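Keep the sequence and the model side by side while reading.

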Amino acid sequence: MTSSADTPVDTLSPLEASAEIARLSEAIREADRLYYQDDAPSLSDADYDRLRLRLIALEAQFPELVRPDSPTRKVGAGPSEKFEKIRHVVPMLSLDNAFSEEDVVDFVGRVHKFLATHGQPVTFTAEPKIDGLSLSIRYEGGRLVSAATRGDGAEGENVTANVLTIADVPQQLPGDVPAVLEVRGEVYMSHADFAALNAKAEAFGGKVFANPRNAAAGSLRQLDPKITASRPLKFFAYAWGEISADWAVETQFDRVQAFGRWGFSVNPRMVRCSSAEELLAVYRGLEADRAGLGYDIDGVVYKVDRIDLQTRLGFVSRSPRWAIAHKFPAEKARTVLEGIDVQVGRTGAHTPVARLTPVTVGGVVVTNATLHNADEIERLDARIGDTVIVQRAGDVIPQIVEVVKDDAHDGRSPFEFPHVCLCDLATPLVREETAAGEEGKIRRCTGEFACPFQRQEHLRHFVSRRAFDIEGLGEKQIEFFFHDPDLPIREPSDIFTLAARNAENPLKKLENKEGFGAVSVAKLFSAIEARRTVSLERFVFALGIRNVGETTAKQLARAYGSWSAFHDAAEKIVAGDGVAREEMDAIDQIGETVIDSIAAYFREPHNRAIVEKLVAHLTILDAEKPKADTAIAGKTVVFTGSLEKMTRDEAKAQAERLGAKVAGSVSAKTHIVVAGPGAGSKLAKAQALGVQVLSEDEWLALVGEG
Ligand code: JCF
């Protein structure tokens, strides 16, 4: 809180405000230019938002100082408008990271445990992790028909015309390939090509890139494919998406080698291994050879080789259980801590952020770093003006790992963390208890929806892709409407009254505002209309209840089936109903922390009012039941004794996938008990109650996966 950006706007003189507005407008315009035109973002999203928010606040306080060309008057026009979107029929995955040898040993152990290999070997592949951009290339009848970037994994940008210019990417595959085939891999630029490109740019006044990855990204995302063609891009194939036919090649390694025979470049350093020790040996070898490879890599990717085992292992959230990226250690640099800002997140958490003298860490300019929390500042004894060591590991936010104490350190005053929220309410910050009942490190504002910081963040979350996902109402637009005096959106229900309010206000039509037109407004309103009907899981996730992420929301939706059932349960829990609490506790993966958060949310009168107002505008669909057309759909199953063909986790995941509910104990409501060797009291109880008892083989035959 060292910059003028922290001076409350209502204490500024018009002269000071005017100067700051000019400065902010220029900074935002420059950032926009770098982002949209040069593909070289100069600011993090958070920093960019901070600038815009400050400008909006200033303009609200001093309306007479608003310039007609202010960047706040423009909405929309993001980079997403540049390319058409392509939906990935098979999502493009991201990999979980391993940062230590221990993580790798754990990964291998988890695979063995899940597959219940009892010490039988499992083969893995190990390959360099290319530091480029993922790409999915689609072939139909062997002919390249489209190519898309990863995007958010579900939807990427259509860069077909540009990919057609990459020499490494075949446009026609040999005759024997599947009718539909998506080949995935990494676009990158070699060190030599990168250096030559930058040398040319420097000589002829072109754009100089910070590192090969940025150069590859900037070259691929060109609207003019002629520019892409002039850039030396390369491609390594390492994975696949949709494939039309059964492909008899049954391992990761062999499939990648097949890509090689079809004309793709595949990485020559990919090998097979059969233990954690062997994987680690590959890692050490690549780490040693890293500088001589000729292209950037940021780690090593390990995968289970057999495709059938990959299928059995499946996914946790959006990452495969059968693969992991082992990252090379972080790079470090020394710089000066110029200031400490405190940011407020959507849950009211106050996070300190270090402002640094810009420094290059592993090819990227770092200007700020996370300090995690107040305790961390104290632990580091970081004081403004100190020399610090910053560390950057892959795409992780840079952090301060050490203070280099100089003679002046003791003379600097320790940082004083705020005790009240930065919002106008100045509500006290509290440290929440952790799940273990200890005092947490995070300080949060207690103002919830009433806190202006949280309001806007709640709204952003509410419209985000995995929540309401309203086309044309993204973060930028939320920011605009949040501050718009004519058609404000201050809480979720305001979204659903927007069209009606606009119709009532003929003098200040949205259609007439800059950045909007009749067509875009009509589109926005129809996108909002379409979202009046929403699935229960999206709705529960969108509420932004602390500790209720997407997975938890899905579990809750499946367990309760309807909004009224969930809401009733929440109300009962708030009222102290022990049975309702126990029922929620019995839901898979839901425990005390989640229940406490739900209770706290629905206990808060502001939240109740906001939710009630919102629900009045919506049709919340009952939860889609898990598969209904299988032999075990809707049945409650209990596993007891030991299983021999699969692990408990796997059996459970399989049963749930096929629509069954897995319970821990036998009751009159149990439909099937699967009993293996060593089954005891649960088996006896099942027999006493007359519940159907199956052996593991009978179970597998029943579910058709024997
Ligand atoms: O080299 C890479 N950057 C890389 C990324 C290699 C892989 O085999 C990957 C990947 C991302 C996802 N495999 C998956 C499934």
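How many residues does the largest nonpolar core have, and which of them have the most contacts inside it?

## The largest core

This is a predicted model. Its largest nonpolar core has 56 residues. Phe481, Leu556, Met584 and Ile598 have the most contacts inside that core. Helix α21, residues 592-603, gives the most to the core: six residues. Domain 4 (448-531) and domain 5 (535-621) both contribute residues, so the core lies between these two domains.

Ile598 shows what such packing looks like in detail. Setting aside neighbours within four places in sequence, Ile598 is in contact with Ile545, Val548, Leu556, Phe566, Ala570 and Met584. Two of these partners, Leu556 and Met584, are themselves among the residues with the most contacts inside the core. There is also a second, separate core of 38 residues. Tyr139, Ala147, Leu197 and Met270 are among its members.

## Domain layout

The chain is divided into domain 1 (9-74), domain 2 (87-327), domain 3 (330-446), domain 4 (448-531), domain 5 (535-621) and domain 6 (636-702). These bounds come from a domain assignment, automatic or from a database. Over C-alpha atoms, the centres of domain 1 and domain 5 are separated by 39 Å.

## The ligand site

Which residues surround the ligand? The shell consists of Leu93, Leu95, Glu127, Pro128, Lys129, Ile130, Glu186, Tyr238, Val301 and Lys303. The largest share, four residues, comes from β3.

A backbone N or O atom of Ile130 lies 2.8 Å from an oxygen atom of the ligand. A polar side-chain atom of Lys303 lies 2.7 Å from a ligand oxygen atom. For Glu186, a polar side-chain atom lies 3.3 Å from a nitrogen atom of the ligand. Taken alone, the ligand exposes 370 Å², and the protein buries 92% of that area.

## Two histidines with positive phi

His118 has a positive phi of about 45 degrees, although it is not a glycine. His118 sits in the loop between α3 (101-115) and β3. Is His118 buried or exposed? Its relative accessibility is 67%, so His118 counts as exposed.

His372 also has a positive phi, near 70 degrees, and is likewise a residue other than glycine. Its place is the loop between β16 (364-370) and α11 (374-380). With a relative accessible area of 33%, His372 is partly exposed.

Thr670 lies in the loop between β24 (661-663) and β25 (672-675). Its relative accessibility is 6%, under the 20% limit, so Thr670 counts as buried. A polar atom of the Thr670 side chain lies 2.8 Å from the backbone nitrogen of Ser667. Leaving aside neighbours within four places in sequence, Thr670 is in contact with Thr636, Val638, Ser665 and Val691.

Val674 lies in strand β25. At 0% relative accessibility, Val674 counts as buried. Beyond its neighbours within four places in sequence, Val674 is in contact with Val637, Val638, Phe639, Thr640, Leu643, Leu694, Ser695, Glu696 and Trp699. How far apart in space are Val674 and Glu514? Their C-alpha atoms are 65 Å apart, and the two residues are 160 residues apart in sequence.

## An exposed leucine

Leu223 lies in the loop between α6 (212-220) and α7 (225-229). Is Leu223 buried or exposed? Leu223 counts as exposed, because its relative accessibility is 56%, over the 50% limit.

Which residues does Leu223 contact, leaving aside its neighbours within four places in sequence? The partners are Lys82 and Phe83. Leu223 and Phe83 are 140 residues apart along the chain, while their C-alpha atoms are separated by 7.7 Å.

Terms used. Residues are numbered from 1 along each chain as its sequence is written. This is a predicted model: local features need pLDDT of at least 70, side-chain atom pairs count only at pLDDT 80 or more; totals for chains, interfaces and linings use all residues. Side-chain values use heavy atoms; hydrogens and water are left out. A nonpolar core is a set of buried Ala, Val, Leu, Ile, Met, Phe, Trp, Tyr and Cys residues joined through side-chain atoms within 4.5 Å. Buried means under 20% relative accessible area, exposed over 50%, partly exposed in between (1.4 Å probe, protein chains only). Contact means heavy atoms within 4.5 Å. A residue is near a molecule or strand if one of its heavy atoms lies within 4 Å of it. A polar contact is a pair of N or O atoms within 3.5 Å; within protein, one must be able to donate a hydrogen and the other to accept it, and residues adjacent in sequence count only if both atoms are side-chain atoms. Accessible areas come from the Shrake-Rupley method with a 1.4 Å probe; for residues, only the protein chains shown count as cover.
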